[in-house]
Amino acid sequence: MGVSVARIRVLVVDDHRIFAESLAAALAAEPDVDVAAAGSGPAALRCLDRGAAEGRRFDVLLVDAELGAGPAAGAAAAHPAPADPESVVDGISLVAGVRRAQPALRTVVLAEKDDPHRAALALQAGASGWVAKDCSLQRLLAVVRGVLRDETHLPPALLTGVLRELTAARKHRTDSERLVESLTPREREVLRCMVAGLGRKAVAERLFLSPHTVRTHMQNVLGKLGVHSTLAAVALARRAGVGPAEPAAALAGDVVERGGQPA
């Protein structure tokens, strides 16, 4: 009897059909690789869901760094639907979404050019590697097998730039956290309401405050964070890891549990 070989299931995601099919064919020639190809983010999500439902999950996702950069992406962006998986268009968004949905799946980004900024974004989104599209098949296979051993792969020429980008991003987050920590507990509550997209009147009702008091708190929040708009405050809050306030329904339930007395 022959010895069974553990097979690696790979999904190639690239909207350049010739490249995707050529790469898939080359990988399929390997004795231990099963491969499929998808031409868009939504198609990739469908493949992943189907594989999971059939008990045949993919092991590695190879994603084009410029996925969705063509005209089709522009059309999709003009009519966004954030809650719909079909709205996933670009490669970095796909990496982040897949990382949340299937943490065990390893992702490698395929790029036509070295880009430290985008490579850093890919790593932050959950990618395990960044590889040139024109690399040899042997190199790509080494990366595929390496990420399955929890290795991270980057071209040597990108290392310095990527480390610089990641360091800058970490400093940015640290600075944002420090600013948020300067807020009073009530101001942080107001900020969380702002992150949730609530207007002044809604925040007043939510926190049992007068609109005038909420206006004062919002002005204090903007001043302490050093920004001039609610949008900028929300962006800084998200960098610092501040989440939105709980849904109103959850708070209503909390009030009932406490005998009808608001906290």
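## A loop to start with

Where in the chain does D150 lie? In this predicted model, D150 belongs to the loop that links α6 (137-147) to α7 (156-181). Although D150 is not a glycine, its phi is positive, at about 65°. Most residues other than glycine have a negative phi. D150 is also exposed, with a relative accessible area of 58%.

F208 is another residue to look at while you have the backbone in view. F208 is not a glycine, yet it has a positive phi of about 55°. You will find F208 in the loop between α9 and α10. With a relative accessibility of 60%, F208 counts as exposed.

## The chain as a whole

Stepping back, the protein chain contains 12 helices and 5 strands. Of its 263 residues, 37% are buried. The chain exposes about 14700 Å², and carbon and sulfur atoms supply 57% of that area.

The contacts can be sorted by sequence separation too. Taking contacts between residues at least 6 apart in sequence, 69% join residues at least 24 apart.

## Helices α9 and α10

Two packed helices are described by the angle between their axes and the distance between the axes. Helix α9 spans residues 200-207 and helix α10 spans residues 211-225; they pack at an angle of about 110°, and their axes are 9 Å apart. Angles of 65 to 115 degrees count as roughly perpendicular, so α9 and α10 are roughly perpendicular to each other.

Which residues of α9 and α10 meet? From α9 come R200, V203 and A204, and from α10 come P211, V214, R215 and M218. By type, the residues of this contact between α9 and α10 are 5 nonpolar and 2 charged, with no polar ones.

## Helices α4 and α5

Now for a second pair. The axes of helix α4 (residues 91-101) and helix α5 (residues 116-125) come within 8 Å and cross at roughly 15°. Angles under 35 degrees count as roughly parallel, which means that α4 is roughly parallel to α5. The crossing of these two helices, α4 and α5, is right-handed.

On the α4 side, the contact is made by I92, V95, A96 and R99, while α5 contributes R118, L121, A122 and A125. The residues of the contact of α4 with α5 comprise 6 nonpolar and 2 charged, and no polar ones.

Definitions and conventions:
Residues numbered from 1 in each chain as written. Predicted model: local features only at pLDDT ≥ 70, side-chain atom pairs only at ≥ 80, totals over all residues. Heavy atoms only, no water. Axes fitted to C-alpha atoms, helices over the stretch in contact; angles between N-to-C directions. Helix = DSSP H or I, 4+ residues; strand = E, 2+ residues; numbered from the N terminus. Parallel < 35°, antiparallel > 145°, perpendicular 65-115°, else oblique. Left-handed = near helix turned anticlockwise from the far one by under 90°. Contact = heavy atoms within 4.5 Å. Nonpolar A, V, L, I, M, F, W, Y, C, P; charged D, E, K, R; others polar. Buried < 20%, exposed > 50% of the residue type's maximum accessible area, 1.4 Å probe, protein only. Areas by Shrake-Rupley, 256 points an atom, 1.4 Å probe, with all protein chains shown as cover.
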